[in-house]
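Biologist: I would like a close look at one part of this model. Please keep it brisk, and set it in its surroundings.

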Amino acid sequence: MSETVRGVVIILVVGVVILLIAALADRRSRLRLQRERPAGAPEDGIPAPDYITDEQLAASAHLLRTDEVPDERALAAIEQAAAPLNLRLASDGFATLARGRALLTHPRVLVCRDGVETTRELLGVLRRAAAASVPLVVAAPTLSAEVADTLVANARAGTLAVVALTGSDDALSQLAIQVGAVRVARTDLQADDVPDEYLGQAVRLLADARHAWIDA
């Protein structure tokens with residue numbers, strides 16, 4: 001074997017040995033990091049995603065909706081002080097308290113004469129309430145799934161403290177009288193012709209899947 005060929009073989013053998021040593025060292029490093037890394041930790045160089053659970057989101061919405069966390073005695077006092085109205089939460093997503101209840105403190109109250117089919121019909125009222133950081137109750141004979149889902153999403157995201165109620169025409173009329181609201185026609189909502197004085201005012205509103213209680 002010539003000196004040139006021998007030199008090439010030696011270089012190749014040394015290169016392979018170096019590669020094997022480097023691979024083994026890298027494998028040891030990875031195994032050590034895996035043992036030291038806490039369960040569920042991200043891979044190296046990849047930032048941990050800032051996830052938030054539904055429970056955390058609901059809890060944050062609860063803090064935004066209320067001035068203080070009420071206890072059961074405070075909630076029972078609201079129920080005992082006011083006759084229940086035949087109005088119910090338009091979606092379970094609005095419930096942030098035990099037993100599927102929702103509570104708003106010092107909300108403005110929009111009472112709709114007709115069912116609400118699109119979120120666009122409420123945009124004017126929602127924007128003004130959000131800009132003023134005022135909790136809002138939307139009460140209507142019916143709300144489409146799109147409207148209910150949009151309101152729930154905004155409530156949980158903290159964009160607006162809002163609760164939506166649905167119920168009978170008689171119950172809506174009673175609500176309007178109790179809070180001093182003017183029932184708003186759908187055409188007025190679509191035209192964004194809803195003066196602030198059309199909205200009622202309540203001290204507290206407590207509602208669940210069957211009834212609503214108003215402390216006016």
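Which residue stands opposite Leu 205 in β8?

Modeller: Leu 205 faces Ile 214 there. First, the ground rules. This is a predicted model, in which local features need pLDDT of at least 70 and side-chain atom pairs count only at pLDDT 80 or more, while totals for chains, interfaces and linings use all residues. Residues are numbered from 1 along each chain as its sequence is written, and side-chain values use heavy atoms, with hydrogens and water left out.

Now the sheet. Three strands form an open sheet in the order β2-β7-β8, with antiparallel pairing. The edge places go to β2 (102–105) and β8 (212–215); each has a single partner strand, so one side of each lacks a neighbour in the sheet. On average, neighbouring strands here are turned by 10 degrees against each other, direction ignored. (Axes are lines fitted to C-alpha atoms, for helices over the stretch in contact; angles run from 0 to 180 degrees between N-to-C directions.) Strands are DSSP runs of E, at least two residues long; helices are runs of H or I, at least four; both are numbered from the N terminus. Two strands pair if DSSP finds at least two bridges between them. Strand β7 (residues 204–207) is joined to β8 by four bridges, and the two run antiparallel.

Next, Ile 214 itself. This residue lies in strand β8. Its relative accessible area is 5%, so Ile 214 is buried. Buried means under 20% relative accessible area, exposed over 50%, and partly exposed in between (1.4 Å probe, protein chains only). What does Ile 214 touch, leaving aside neighbours within four places in sequence? Its contacts are Ala 82, Leu 85, Leu 175, Gln 178, Val 179, Ala 202, Arg 204 and Leu 205. Contact means heavy atoms within 4.5 Å. Ala 81 is 133 residues from Ile 214 in sequence, yet their C-alpha atoms are 8.8 Å apart in space.

Now the whole protein. It has seven helices and eight strands. Of its 216 residues, 36% are buried. Among contacts with a separation of 6 or more, 80% join residues 24 or more positions apart. The accessible surface is about 12,600 Å², and 56% of that belongs to carbon and sulfur atoms. Those areas come from the Shrake-Rupley method with a 1.4 Å probe; for residues, only the protein chains shown count as cover.
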